[in-house]
Structure formats: structure tokens, C-alpha cells
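Here is a short briefing for a first look at this protein. Keep the sequence and the 3D view open while you read.

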Amino acid sequence: FTQGLVYHEGFFLEGTGLNGKSSLRRIEPKTGKSVLRLSLSDRYFGEGITVLNHEVFQLTWKSGICFVYDSTNFQTLRKHSYEGEGWGITTDGNHLIMSDGTAQLRILDPKTFKEIRRVDVIGPQGPLRGLNELEFIEGEIWANVWPTDFIVRIDPKTGRIGSIINFASLVEGREHYRGENVLNGIAYD
């Protein structure tokens with residue numbers, strides 16, 4: 001499963017999930033060829049990824065571990081622990097922003113992984129749960145809402161949703177997907 005996707009220095013970096021199959025990959029956009037791959041231990045279910053200061057941060061779903069790698073060679077630099085589940089992660093250039101499937105986003109210090117604050121995400125009907133894959137785009141947090149066809153654009157200061165994008169047309173014409181077969185992975189250039 002694609003769990004995290006980032007466009008970095010001309011390549012896609014993809015974090016994949018599933019125990020025994022989780023990895024971090026560097027992929028050529030034109031060919032789809034993987035040019036560098038790091039497999040996680042079978043005990044980890046890889047989740048979201050982001051890049052900050054030439055370091056790749058990769059969450060794990062239920063293990064409470066964030067691995068930090070050198071972005072050039074995927075050498076492990078360190079790891080951080082956190083409470084709860086890890087779903088998606090992005091950066092505003094200074095802090096890390098992490099989702100855990102709830103209606104809150106955690107703002108984290110990238111050096112220590114300590115929580116600085118939380119942002120409650122509020123939609124038209126109230127708190128919005130299922131916040132998953134994240135990307136920081138032009139001052140907004142874009143979040144895939146699991147298990148839907150929607151991406152929401154969130155104000156990082158207030159948690160208010162500015163707009164909702166419906167991507168259902170991307171899957172039209174094929175058999176409706178079920179379970180884990182949902183849209184996931186947001187990359188921006």
C-alpha cells in the first residue's frame with residue numbers, strides 16, 4: 001500500500017505499508033522504476049513520510065516509532081517514539097505535522113519529536129476524523145480523509161477546512177473499491 005508520497009529533488013519518495021512488505025523507495029517519475037529501496041523490519045507497518053532538511057521521516061502505524069533517514073542514501077540516522085498511531089506526516093518547513101486518524105493534527109519539533117501543540121480540525125459538520133496522508137501546500141495542510149475520495153484543505157492555525165476536493169472521478173469506470181483499496185498519497189511539486 002502507498003502510505004506516504006513526496007516529490008523531492010526530481011524523484012518520488014514513497015513509503016509503503018503492510019507488515020513484511022513496508023519500505024521506503026526512491027522512484028523515477030517518468031518510468032516508475034525504483035532506484036533505491038529500504039525495507040523495514042517485518043514487525044513494522046510503514047505509514048506516512050515527509051522530508052525536512054534532507055532527512056526523511058517515516059511513521060509506523062501501531063508501533064509508535066518514527067524512523068529518520070538520510071534523504072540521499074536512506075541510512076538510518078535516528079528514531080523517535082510517540083504515543084498512539086501514526087498515519088500521515090508533513091512539514092511546514094519548521095515543524096512536523098502528524099495525523100493519527102483522529103480529528104487532531106499534532107505539531108512536533110523535528111529534532112526531538114516532542115509535541116508542541118495540537119490543532120483541532122473542524123469541518124462543516126464538526127470535528128473531522130480519518131485525517132490520513134498529509135502534504136503542506138502553499139500555506140495549507142492538505143489531508144486525505146480515510147476511507148473517502150476526499151482531500152480537505154486545512155488552515156494550519158485554526159484547523160478550519162477551507163475547501164473539500166472530491167477525487168471520485170479518478171476511479172470512475174472501474175469496479176468500486178472496498179476496504180483498504182482507497183486513494184492515498186499526496187505529492188506536490
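**Loop residues with positive phi**

L18 has a relative accessible area of 31%, so it counts as partly exposed (buried means under 20% relative accessible area, exposed over 50%, partly exposed in between, with a 1.4 Å probe and protein chains only). This is a predicted model: local features need pLDDT of at least 70, side-chain atom pairs count only at pLDDT 80 or more, and totals for chains, interfaces and linings use all residues. Residues are numbered from 1 along each chain as its sequence is written, and side-chain values use heavy atoms, with hydrogens and water left out.

- L18 sits in the loop between β2 (11-16) and β3 (23-27). Strands (E, at least two residues) and helices (H or I, at least four) are DSSP runs, numbered from the N terminus.
- The phi of L18 is positive, about 120°, although L18 is not a glycine.
- H54 also has a positive phi, about 60°, and is not a glycine.
- H54 lies in the loop between β5 and β6 (55-60).
- With a relative accessible area of 49%, H54 is partly exposed.

**Overall build**

- The protein has 18 strands and zero helices.
- Its radius of gyration is 16 Å, close to the 16 Å that the globule rule gives for 189 residues, so the protein is as compact as a globular protein of that length. The radius is taken over C-alpha atoms, and the rule is 2.2 Å times the number of residues to the power 0.38.
- Along the principal axes, the C-alpha trace spans about 45 × 45 × 30 Å.
- Of the 189 residues, 46% count as buried.
- Contact means heavy atoms within 4.5 Å. Among contacts between residues at least 6 apart in sequence, 41% join residues at least 24 apart.

**Surface and charge**

- The protein exposes about 9,800 Å², and carbon and sulfur atoms supply 49% of that area. Accessible areas come from the Shrake-Rupley method with a 1.4 Å probe; for residues, only the protein chains shown count as cover.
- There are 21 positive and 24 negative charges, and their mean positions are 4 Å apart. Lys and Arg count as positive, Asp and Glu as negative; His and the chain ends are not counted. Each charge is placed at NZ of Lys, CZ of Arg, CG of Asp or CD of Glu.

**Nonpolar cores**

- A nonpolar core is a set of buried Ala, Val, Leu, Ile, Met, Phe, Trp, Tyr and Cys residues joined through side-chain atoms within 4.5 Å.
- The largest core has 13 residues; L105, L131, V152 and I154 have the most contacts inside it.
- Strands β11 (104-108), β15 (131-137), β16 (140-145) and β17 (150-154) each supply at least two residues of this core.
- Strand β16 gives the most, with three residues.
- A second, separate core has twelve residues, including V6, L24, L40 and Y44.
- Leaving out residues up to four places away in sequence, L105 touches several residues, among them S99, L131, L134, I141 and I154.

**Buried positions in strands**

- S99 is in strand β10 (residues 96-99). Its relative accessibility is 0%, so S99 counts as buried.
- Beyond four places in sequence, the contacts of S99 include W87, L105, L131 and L134.
- T50 is in strand β5 (residues 46-52). A relative accessible area of 4% makes T50 buried.
- Beyond four places in sequence, T50 touches residues including V6, F57, I89 and L96.
- L108 is in strand β11. L108 is buried, at 3% relative accessible area.
- Setting aside neighbours within four places, L108 contacts residues including L96, M98, F113 and I116.

- G101 lies in the loop between β10 and β11. At 8% relative accessibility, G101 counts as buried.
- Apart from neighbours within four places, G101 is in contact with W87, R129, G130 and L131.
- The C-alpha atoms of G101 and W146 are separated by 8.0 Å, though 45 residues apart along the chain.
- A cis peptide bond joins W146 and P147, with omega about 0°.
- P147 is in the loop between β16 and β17.

**A partly exposed strand residue**

- S163 is in strand β18 (residues 161-166). At 25% relative accessibility, S163 counts as partly exposed.
- Apart from neighbours within four places, S163 contacts I151, V152 and R153.
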